[in-house]
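Have your viewer ready and try each task before you read on.

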Amino acid sequence: MTVIENDLSTPDGPDRLLAELAARKLAPTVLINNAGFGYFDLFVEQPRDEIEAMIAVNLRAATILARALGEQMASRQHGYILNVASFAALAPIPRYAVYSGAKAYLVAWTQALAHELRKSGVRVSVICPGFTRTEFHDVARHTKTRLMQWIELTPEQVARAAIRGLERGQLVIVPGWWYKLNAAVLRLLPRSWVAAMSAKAVK
Ligand SMILES: NC(=O)c1ccc[n+]([C@@H]2O[C@H](COP(=O)([O-])OP(=O)(O)OC[C@H]3O[C@@H](n4cnc5c(N)ncnc54)[C@H](OP(=O)(O)O)[C@@H]3O)[C@@H](O)[C@H]2O)c1
């Protein structure tokens with residue numbers, strides 16, 4: 001296994017990673033855009049540099065890496081791209097406004113990209129996990145509520161759902177029955193209600 005360290009929040013981070021892959025003559029057949037983080041606070045009180053880094057890592061880096069590696073995969077007519085979004089993409093979450101927005105971009109972008117690449121031999125999926133037991137909430141400076149702990153997924157559950165979904169050619173993967181049910185219900189409700197309910201769930 002080769003590990004290449006890279007800070008994807010920097011302007012040249014994604015290009016440096018691509019240059020490093022090229023220098024080592026590595027041509028990945030699988031791209032998992034997993035790097036990401038959130039910042040839990042009112043939007044107007046969030047530090048500007050955190051907002052810019054959130055957009056850079058969650059959204060910009062994923063787009064740049066998929067552009068370069070997706071083209072290579074398409075030319076070889078084989079490859080997989082998995083974008084790691086969040087349940088926050090499906091339900092706007094106050095105090096995670098930029099994070100929710102960035103993850104919503106990943107879902108819409110993946111859906112369009114999958115259509116464009118449908119005959120290329122490259123499979124594209126996006127996964128929308130709910131609360132998962134990782135370091136995410138410590139990084140986001142967010143103390144988990146009881147509800148969040150009750151419905152929390154394990155990283156293994158999410159990884160299994162991702163692999164199963166990719167293999168089956170599922171476009172939008174939502175792991176866990178609780179989140180699947182909620183995703184279906186939330187689609188029927190006005191977005192302003194969903195935002196108000198989400199605000200309660202995380203605070
Ligand atoms: N945990 C949840 O509840 C949850 C729910 C839905 C979606 N997600 C998404 O799942 C993905 C993985 O997060 P996680 O839950 O595993 O949280 P995590 O334990 O905090 O891991 C975050 C990952 O992103 C990487 N990363 C963060 N900033 C980076 C940067 N500037 N450059 C390069 N890599 C960077 C981290 O690398 P280092 O370890 O090297 O810092 C780490 O591998 C994220 O996209 C997150 O938005 C998480």
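In which helix is Ala 104 found? Ala 104 is found in helix H3. Before the other tasks, two notes on conventions. This is a predicted model, in which local features need pLDDT of at least 70 and side-chain atom pairs count only at pLDDT 80 or more, while totals for chains, interfaces and linings use all residues. Residues are numbered from 1 along each chain as its sequence is written, and side-chain values use heavy atoms, with hydrogens and water left out. Helices (H or I, at least four residues) and strands (E, at least two) are DSSP runs, numbered from the N terminus.

**Exercise 1. Classify Ala 104 by accessibility and find its distance to Ala 88.**

Step 1: Take the cut-offs. Buried means under 20% relative accessible area, exposed means over 50%, and partly exposed is in between (1.4 Å probe, protein chains only).

Step 2: Apply them. Ala 104 counts as partly exposed because its relative accessibility is 31%.

Step 3: Go from C-alpha to C-alpha. Ala 104 and Ala 88 are 7.5 Å apart in space and 16 residues apart in sequence.

**Exercise 2. Describe the surroundings of the ligand.**

Step 1: Collect the shell. A residue is near a molecule if one of its heavy atoms lies within 4 Å of it. The ligand is surrounded by 22 residues, and the closest are Asp 7, Asn 34, Tyr 99, Thr 132 and Thr 134.

Step 2: Sort the shell by class. Ala, Val, Leu, Ile, Met, Phe, Trp, Tyr, Cys and Pro count as nonpolar, Asp, Glu, Lys and Arg as charged, and the others, Gly among them, as polar. The shell then has 10 nonpolar, nine polar and three charged residues.

Step 3: Look for pairs of N or O atoms within 3.5 Å, the cut-off for a polar contact; within protein, one atom must be able to donate a hydrogen and the other to accept it, and residues adjacent in sequence count only if both atoms are side-chain atoms. An oxygen atom of the ligand lies 2.6 Å from a polar side-chain atom of Thr 134. For Lys 103, a polar side-chain atom is 3.0 Å from an oxygen atom of the ligand. Asn 6 takes part through its backbone, with a polar atom 3.5 Å from a nitrogen atom of the ligand.

Step 4: Assign the shell to elements. Those that give two or more residues are helix H3 (97–116) and helix H4 (136–139). H4 gives the most, with three residues.

**Exercise 3. Is Phe 136 buried or exposed?**

Step 1: Phe 136 is found in helix H4.

Step 2: Read its accessibility. Phe 136 counts as buried because its value is 18%.

Step 3: Compare sequence and space. Phe 136 and Lys 25 are 111 residues apart along the chain, and their C-alpha atoms are separated by 33 Å.

**Exercise 4. Which residue's side chain makes a polar contact with the side chain of Glu 152?**

Step 1: Locate Glu 152. It lies in the loop between helix H5 (146–150) and H6.

Step 2: Check the accessibility. At 12%, Glu 152 counts as buried.

Step 3: Name the partner. The side chain of Lys 144 makes the contact, at 2.5 Å.

**Exercise 5. Examine the phi values of Gln 77 and Arg 95.**

Step 1: Recall the background. Most residues other than glycine have a negative phi.

Step 2: Read the angles. Phi of Gln 77 is positive, near 55°, and Arg 95 has a positive phi of about 75°. Neither residue is a glycine.

Step 3: Gln 77 is in the loop between helix H2 (48–76) and strand S2 (79–84), and Arg 95 is in the loop between S2 and H3.

Step 4: Gln 77 is exposed because its relative accessible area is 59%, while Arg 95 is partly exposed at 26%.
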